[in-house]
Amino acid sequence: MSEFLTLAALGAEEEICTRCPLYRNATQAVPGEGPRGARVMLVGEQPGDAEDLSGRPFVGPAGRLLDKALARVGLPREECFVTNAVKHFKFEPRGKRRLHRKPDAGEIDACRWWLDHERMLVRPGLIVALGASAIRGVLGRSGAVARLRGKLVDLDAQTTFLATIHPSFLLRLTEEADKREQWARFIGDLGIAAEWARAGDIVHAEADHLALRGAGGLGPGLG
Ligand code: URA
């Protein structure tokens, strides 16, 4: 059980985190966002420039691509809890620009404490890791995206895990054919998450229906 009562309380504590040096140069911590009871949690790597400035996850170019993919598979972003393995932006200043730098294993592991609390509060049934940093953040050890992607794996009795690529991988591709192929694979992976969520909706609806019947809540001839 989390020592935090609400996601807001957790977010306030993340804001004063000094567990690794990344807080020193970032504008602010970027906590996860979404409903507390979300059944699907999407985990990215770390905030980028736009997220660091706005304080919200996945609102920049990679986020727009993620939104498009989620809309395509019919998994509404508003129903998911969207977060990152690392809560502060890691970058290298280059003139007026801030160039993204990958978080290292130590930074991901230090930040796992926050991700674990988000998991305890949200209690998602499915966690989707977007890319290698997210895989490490969720599993606590490194795993190859190519080996893990597209397969539902039980983490524990309540939680299923699915890995796929990070959407920024798609933004870096230059060949049209590669872009098309990788987009289709990404949609395929997220489609598995969407199917999982839809199957859960049916199970929940049936459970509610049975509970209502058990409680005599359905009128004669109904159900
Ligand atoms: N990339 C991520 O991994 N997370 C964000 O929030 C934005 C870009």
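Predicted model: local features only at pLDDT ≥ 70, side-chain atom pairs only at ≥ 80, totals over all residues.
Start with the whole chain. The protein chain holds eight helices and seven strands. Its radius of gyration is 19 Å, close to the 17 Å that the globule rule gives for 223 residues, so the chain is as compact as a globular protein of that length. Along the principal axes, the C-alpha trace spans about 75 × 45 × 30 Å. As for what is tucked away from the surface, 46% of the 223 residues count as buried. Contacts can also be sorted by how far apart the partners sit in the sequence. Taking contacts between residues at least 6 apart, 74% of them join residues at least 24 apart.

Next comes the sheet. Five strands make up an open sheet, and reading across it the order is E2-E1-E5-E7-E6, with mixed pairing. Strand E2 (80–84) and strand E6 (153–154) are the edge strands, each pairing on one side only. As a general point, strands of a sheet pair through backbone hydrogen bonds, and the pairing can be parallel or antiparallel. Here, E1 and E2 run in the parallel sense and share five bridges; one of the residues involved is leucine 42, whose bridge partner in E2 is valine 82. E1 also pairs with E5, again in the parallel sense, over four bridges. In that pairing, valine 43 has alanine 129 of E5 as its bridge partner.

Proline 47 sits in the loop between strand E1 (40–44) and helix H2 (49–54). Is this residue, proline 47, buried or exposed? Buried means under 20% relative accessible area, and proline 47 counts as buried because its relative accessibility is 0%. Its neighbours come from several parts of the sequence: leaving aside residues up to four places away, proline 47 touches Val30, Asp52, Asn84, Val86, Lys87, His88 and Phe89. Proline 47 and alanine 26 are 21 residues apart in sequence, and their C-alpha atoms are 9.6 Å apart in space.

The largest pocket has a volume of about 630 Å³. Its lining counts 30 residues, and the closest to the pocket centre are Glu45, His100, His166, Ser168 and Arg172. Several elements give two or more residues to this lining: H2, helix H3 (61–73), strand E4 (97–100), helix H5 (132–139), helix H6 (145–148) and helix H7 (167–172). Which of the elements gives the most to the lining of the largest pocket? That is H7, with four residues. Sorted by class, the lining of the largest pocket has 14 nonpolar, nine polar and seven charged residues.

The second largest pocket has a volume of about 300 Å³. Its lining is made of Met1, Asp116, Arg119, Met120, Arg123, Pro124, Gly125, Ile127, Asp156, Gln158 and Thr159. Helix H4 (residues 105–122) provides the largest share of this lining, three residues. By class, there are four nonpolar, three polar and four charged residues around the second largest pocket.

How many cavities of 30 Å³ or more does a search of the whole structure find? The search finds one, and about 70 Å³ of space lies in this largest cavity. The residues lining the cavity are Cys17, Arg19, Cys20, Tyr23, Val86, Lys87, His88, Glu107, Ala110, Cys111 and Trp114. By class, seven of the lining residues are nonpolar, one is polar and three are charged. Val86, Lys87 and His88 are among the residues that line the cavity, and they also turn up among those that proline 47 touches.

Note on methods. Residues numbered from 1 in each chain as written. Heavy atoms only, no water. Pairing = 2+ DSSP bridges. Buried < 20%, exposed > 50% of the residue type's maximum accessible area, 1.4 Å probe, protein only. Contact = heavy atoms within 4.5 Å. 1 Å grid on protein atoms, 1.4 Å probe; cavity = no way out; pocket = protein on both sides within 12 Å on 5 of 7 lines; lining within 4 Å. Points joined across faces, edges and corners; volume = space filled by probe spheres on them. Nonpolar A, V, L, I, M, F, W, Y, C, P; charged D, E, K, R; others polar. Rg over C-alpha atoms; globule rule 2.2 N^0.38 Å.
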